[in-house]
Protein chains: 2
Amino acid sequence: MGVKLGILGLGTVGTGTVQLLQDKSFRHPLLQEVEIYRVGVRSLDKPRAVTLPDSVLTTDLEAIVSDPAVDIVVEVMGGLEKARSLILKAIQNGKHVVTANKAVISRFGDEIFTAANQAGVYVMLEAAVGGGIPVIQPLKQSLSVNRIHTVTGIINGTTNYILTRMQTEGGNFSDVLADAQRLGYAEADPTADVDGLDAADKIAILASLAFGGRIKLKDVYSEGIRQVSKTDIAYAEKLGFVIKLLAIAQSAAPLAAIANRTTPSSPSSPSSPLISVRVHPTLVPKAHPLASINGVNNAILIEGEPIGQVMFFGPGAGAGATASAVSSDILNLVAALKKSKTALNPLLACAHQDYCQIVPMAELVTRFYARFLTKDQPGVIGKLGTCFGNHGVSLESIVQTGFQGELAEIVVVTHDVQEGDFRQALTEIQTLTAVDSIPSLLRVV
Amino acid sequence: MGVKLGILGLGTVGTGTVQLLQDKSFRHPLLQEVEIYRVGVRSLDKPRAVTLPDSVLTTDLEAIVSDPAVDIVVEVMGGLEKARSLILKAIQNGKHVVTANKAVISRFGDEIFTAANQAGVYVMLEAAVGGGIPVIQPLKQSLSVNRIHTVTGIINGTTNYILTRMQTEGGNFSDVLADAQRLGYAEADPTADVDGLDAADKIAILASLAFGGRIKLKDVYSEGIRQVSKTDIAYAEKLGFVIKLLAIAQSAAPLAAIANRTTPSSPSSPSSPLISVRVHPTLVPKAHPLASINGVNNAILIEGEPIGQVMFFGPGAGAGATASAVSSDILNLVAALKKSKTALNPLLACAHQDYCQIVPMAELVTRFYARFLTKDQPGVIGKLGTCFGNHGVSLESIVQTGFQGELAEIVVVTHDVQEGDFRQALTEIQTLTAVDSIPSLLRVV
């Protein structure tokens, strides 16, 4: 085995990550080189959803970050002070770090990245923002050739869930919050979410990457959704808007305000980017790409020159999604650690040589939409249904929709069928004297 | 200067790329190391939108790919056979390649990547699919820890533009196509777009990356949109669907069909992934994430385990967007070429040390929504308008929306204002005897 992980924490995200790494088939082959070497937990007695050898589990987290055998420390324990000190100690001991901890990075990123640069190690944080959505890596590696104008995110699933339900049900904030807590979509203490603090942590991280400068968390303006009323949601609706908790980082270059502005509150050089960073409930025009992001989903819209607008959408939380992000950071580190002078980075090179096996279309399983023109006589729908039944084609709906001249028009939508079976049914249908033609045949996703 | 580019072609994409690389301020600092060393064109006499020294422009493309000084060949000339042979020659001469050429990669990727692996060079192709949208790199580097189930894309802007207009205007395919050609959204010969061939090239590339096996283009089923009628769009609408040209690559593992399937048509090992790959017009439920992707935009939805669904959205074509993708590939190669054993990959490490300058909220320029409760007396709206005018706040709308008990409710939406000015206007408004309270104040994006 190549690369040894020391994982700190075995809660939701830690368990998801271990499950992914214990089940490597049909994932990237480079994961084969990853070994779960130590997992630090608070108690050895707690029942676990994953099975790990006794030699791997330990309550001594300090020993993990000091163990010379550990290559990468994966911090998925959460919290602030303890996580911070373990990350720093890991860095001092020359270990690369993967963390999902937005609170630690947004508060102590300065200290952590300074230490990491001095030690020559990486600190990776894809899971800190947007759950499983790849957004940190695209910002660093793909979009940074652009001049970024604006990063606008729906990056807190709890508040988006609450606002979506207030919008669709017309409920009050406090009632919907109580129900969200009951259903597990909001924490017993909802402060970090509903007051915008979690989103503030995340936009501070995104802003730092998008604009290439550090951010003091206290400079991020943050306003939550407690004061959003159903009255305003209704008026906003009439005016053509929905209300979303947006986190926004924006270059101030186009603002008229910059000419005579006051002194900044943080140390910065004259060439440092001038930006605004803020979290607040916002009226969003219904045609805006973020207006239709509903429920616990997250989305990050990035605008820059020359790219225009790109948006990343997906699950903003959850064990599986976050484990995907944590594991992708591990994968990138494994690739980066292949330090041979001649070998290509396996993530940038094309590795596979075999061909995929392609399923013939006749074996494809899909739904179909078909439109028939038939003689206007009784029993035609029954005859169509019989033909479909003969070939095992199950129908979702069959409707006579109207007439074209003297011919009746019938529209059919099927359940999932094998395409070959469906086409055999159509062949039989074309032999029916009542059927004139089949002008349309489309698949349904 | 560090890394020397030989650019093949100076059409739309080549020009956009040169413009980006000639204007490096506020882009990633690593671009400073990139030098436009040679640009190969068909004619030296053609007027150009970019200025390049005479020593850089040449009509001898063969000389570029053989020049020992060139580090990276950027193929943005398009076409098939000439592009293929120049790419292969560049690889044989040990040069890394960046290409935007989906047609060459989907047809000759086998030969090209085999040659690249033998020569130990990279072939990068972010611009080949989805224009500026980062999707190749996320698939390779972020999402490959997942077992991918399905990649579903709207990856041809022309057909999506035509279908969107047929949907909104109720037009016929041939009429909308003619208008799209007149407006420059469709080519004089629209075959590659409307018959699904361009989308087939692109889904072959995405499928290969998502499932880790090569794809023969002839195995990709392709059906275009010529036969989509306005009648079917209208019926689909009534049934709750929109019609989109989808490109789909799907793991066949969950299909019932795989047990007794026929022999595959391409060489593949028993462990090769079994997938279906296809392009066809498709009924998409209105609540599906791809249903609301309209006009020339592209979107790629990726579903996998454990991540769930993620979607990438943005401009699928255009000089700027494609130049962003080409340049991001160049940036990644520059980072990968820093082969020092101790230096970190600058794209993965955190490089910036200065703080951003943060604009105080009072200097933020934004739109506002405000709700007022006032006494029900004549002239109140005029008084509000006067107060706003005193502070330079321009209103988009001011409406008396109803009553709360005896108080009139007035909703205001402003144009862009400086937040400090707006708040001063509110302070003045609160002194008006006619104004009871300001229960809501929200920003508008």
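Through which surface do the copies meet, the same or a different one? Here are my notes.

1. **What you are looking at.** This is a predicted model, where local features need pLDDT of at least 70, side-chain atom pairs count only at pLDDT 80 or more, and totals for chains, interfaces and linings use all residues. Residues are numbered from 1 along each chain as its sequence is written, while chains are lettered from A and ligands numbered from 1 in the order in which they are written.

2. **How the copies meet.** To take up the opening question: 100% of the interface residues of chain B are also interface residues in chain A, so the copies meet through the same surface. Contact here asks for C-beta atoms, placed from the backbone, that lie within 7 Å. Each side is counted separately: 121 residues come from chain B and 121 residues from chain A. On the chain B side, strand S10 (residues 274-285) gives the largest share, with 10 residues. Strands are DSSP runs of E with at least two residues, helices are runs of H or I with at least four, and both are numbered from the N terminus.

3. **Make-up of that side.** The residues of chain B that touch chain A split into 66 nonpolar, 39 polar and 16 charged. Nonpolar covers Ala, Val, Leu, Ile, Met, Phe, Trp, Tyr, Cys and Pro; charged covers Asp, Glu, Lys and Arg; the others, Gly among them, count as polar.

4. Strand S10 of chain A runs parallel to S18(B), joined by two bridges. Thr282(A) has Arg443(B) as its bridge partner. Pairing is called when DSSP finds at least two bridges between two strands.

5. **Around S14 of chain B.** Strand S14 (residues 365-375) is antiparallel to strand S18 (residues 435-444) over seven bridges, and Ala370(B) is partnered with Leu441(B) there. Another seven-bridge antiparallel pairing links S14(B) with strand S16 (residues 407-414), where Tyr369(B) partners Val413(B).

6. **The six-strand sheet.** Chain B also has an open sheet with parallel pairing, in the order S3-S2-S1-S4-S5-S6. Its edge strands, S3 (57-58) and S6 (123-124), each pair on one side only. Strand S5 (residues 96-99) meets S6(B) over two parallel bridges, and Val98(B) stands opposite Met124(B). Helix H11 (residues 319-337) of chain B packs on this sheet, touching S1, S2, S4, S5 and S6, and its direction makes about 160° with that of S5(B). Such angles run from 0 to 180 degrees between N-to-C directions, with axes fitted to C-alpha atoms, for helices over the stretch in contact.

7. **Domains of chain A.** Chain A divides into domain 1 (3-132 + 323-337), domain 2 (136-315) and domain 3 (361-444), with bounds from an automatic or database domain assignment. The centres of domain 1 and domain 2, taken over C-alpha atoms, are 28 Å apart. Their contact takes 14 residues from domain 1 and 15 residues from domain 2. The domain 1 side of it has five nonpolar, five polar and four charged residues.

Terms used: Two residues are in contact if their C-beta atoms, placed from the backbone, lie within 7 Å.
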